[in-house]
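Welcome to the tour! Open your viewer, switch to a cartoon view, and get ready to select residues as we go.

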Amino acid sequence: MNFDDQLKTLIFFHLEEFESGRELLEALDKNDFAKECVAPPKGIKKSAFFEAINNRGLEQLGEVFSHLVQEAIGVIPAEYAHLGNLVSIDGSLIDAVLSMEWADYRSGVKKAKAHIGFDINRGIPRKIYLSNGKEGERPFVEQIIAKGETAVLDRGYQSHTHFDQWQTDEKHFVCRIKENTTKTVVKENALPEESIVFYDAIVLLGTKGINQTEKELRVVGYRVDGNDYWVATSRHDLTAEQVAQVYKLRWTIETFFGWWKRHLKVYHLIARSEYGLMVQLLGGMITYLLLAIYCRQQHGEPVNIKRVRELRHQIANEAAEIQSQETRARAKPSKSKPLKRKKRRAKT
């Protein structure tokens with residue numbers, strides 16, 4: 001099982017919604033399309049498959065993933081280019097089994113956590129890191145966000161120390177904060193009329209001498225459907241309503257997580273080691289990126305389940321055609337040449 005076999009197998013696993021490694025291996029052995037187009041020529045044994053998933057291919061998969069991200073960026077237009085390079089960041093817990101000792105969460109429960117950076121403008125994942133379930137999420141922002149980009153974050157990422165550091169590193173952020181966070185006003189900005197925005201000011205955030213920011217930042221407060229939202233940001237170039245819009249776009253990563261888990265079954269474990277789980281997750285990321293590029297190039301659409309189902313029907317039809325060809329080949333009569341009879345010589 002070489003790397004090409006491994007990659008095709010992972011894509012097939014996610015695309016066909018298999019729920020276990022056993023189900024995948026059965027398909028590789030009995031499904032005509034899988035045997036012809038996915039599995040190695042001589043098939044794959046259970047031990048060889050799991051050895052490959054848990055020990056090989058991670059570096060190569062990372063290279064493929066990075067290449068596809070750049071290809072997708074070149075194919076998919078930026079939907080919110082006027083708001084800058086927006087990257088939503090969030091963590092997603094993955095149920096683990098008790099034998100996965102590295103996936104620490106709490107007593108009697110094992111969970112891993114995927115930390116993902118999601119390109120809001122193009123609707124694609126761009127970075128992924130894996131940790132145990134107890135790992136903090138804030139440190140991954142620095143690894144995911146590049147200089148000049150804007151991290152779009154929920155309240156769990158609020159950290160006044162990190163706010164200062166991100167500004168020092170010229171990494172922007174739009175982060176929801178707790179409503180009762182202390183704000184020392186440096187300057188109040190004018191509020192737009194008849195707007196959802198009720199607060200816009202340059203402040204020092206937190207309590208002086210305890211957790212106050214060293215650098216000034218901007219806080220925008222707005223109200224939607226009776227709910228108040230307080231957002232801290234380093235983006236002074238946007239209007240207050242645009243800041244509110246940017247935070248609203250954070251929901252795109254939640255939509256991605258839901259779609260990814262529901263339609264590609266990325267959290268049905270086929271690996272138990274940390275290495276193997278990362279291999280599985282990268283396989284799911286690569287599958288999603290391939291779908292994103294395909295849907296955009298062939299149909300001018302974002303990823304959607306309709307196109308995925310079409311691909312699954314196409315695979316099923318090709319499997320039926322392969323089986324039909326094999327059946328006809330077995331039923332076809334032999335074309336071996338008949339033996340020539342020797343002519344008897346007449347006796348003189």
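Begin by selecting Leu93 and Lys113: Leu93 stands opposite Lys113 in strand 3. Keep in mind that this is a predicted model.

Now colour the strands around that pair. Strand 1 (residues 86–95) runs antiparallel to strand 3, and nine bridges pair them.

Next, step to strand 2 (residues 104–106), which is antiparallel to strand 3 and joined to it by two bridges. Select Asp104 to find its bridge partner, Lys110. Two residues lie between these strands in their hairpin, where Gly108 has a positive phi near 80°.

On to strand 4 (residues 124–132), which pairs with strand 3 in the antiparallel sense over eight bridges. Here Gly117 stands opposite Lys127. The hairpin of strands 3 and 4 has four residues between the strands, and Gly123 takes a positive phi near 70° there.

Which residues have the most contacts inside the largest nonpolar core? Select Phe12, Ile94, Ile128, Trp260 and Leu281 in this core of 63 residues. Helix 10 gives the most to this core, with 12 residues. Zoom in on Ile94, which touches Leu130, Tyr267 and Leu281, among others. In soluble globular proteins, nonpolar side chains tend to be buried together.

Last stop: the largest pocket, with about 460 Å³ of space. Of its 21 lining residues, Glu79, Arg122, Gly123, Tyr288 and Pro302 are the closest to its centre. Helix 9 gives the most to the lining, with four residues. Colour the lining by type and you will find 13 nonpolar, four polar and four charged residues.

Terms used:
Residues numbered from 1 in each chain as written. Heavy atoms only, no water. 1 Å grid on protein atoms, 1.4 Å probe; cavity = no way out; pocket = protein on both sides within 12 Å on 5 of 7 lines; lining within 4 Å. Points joined across faces, edges and corners; volume = space filled by probe spheres on them. Nonpolar A, V, L, I, M, F, W, Y, C, P; charged D, E, K, R; others polar. Core = buried A, V, L, I, M, F, W, Y, C linked by side-chain atoms within 4.5 Å. Buried < 20%, exposed > 50% of the residue type's maximum accessible area, 1.4 Å probe, protein only. Contact = heavy atoms within 4.5 Å. Pairing = 2+ DSSP bridges. Lists of a residue's contacts leave out its neighbours within four places in sequence.
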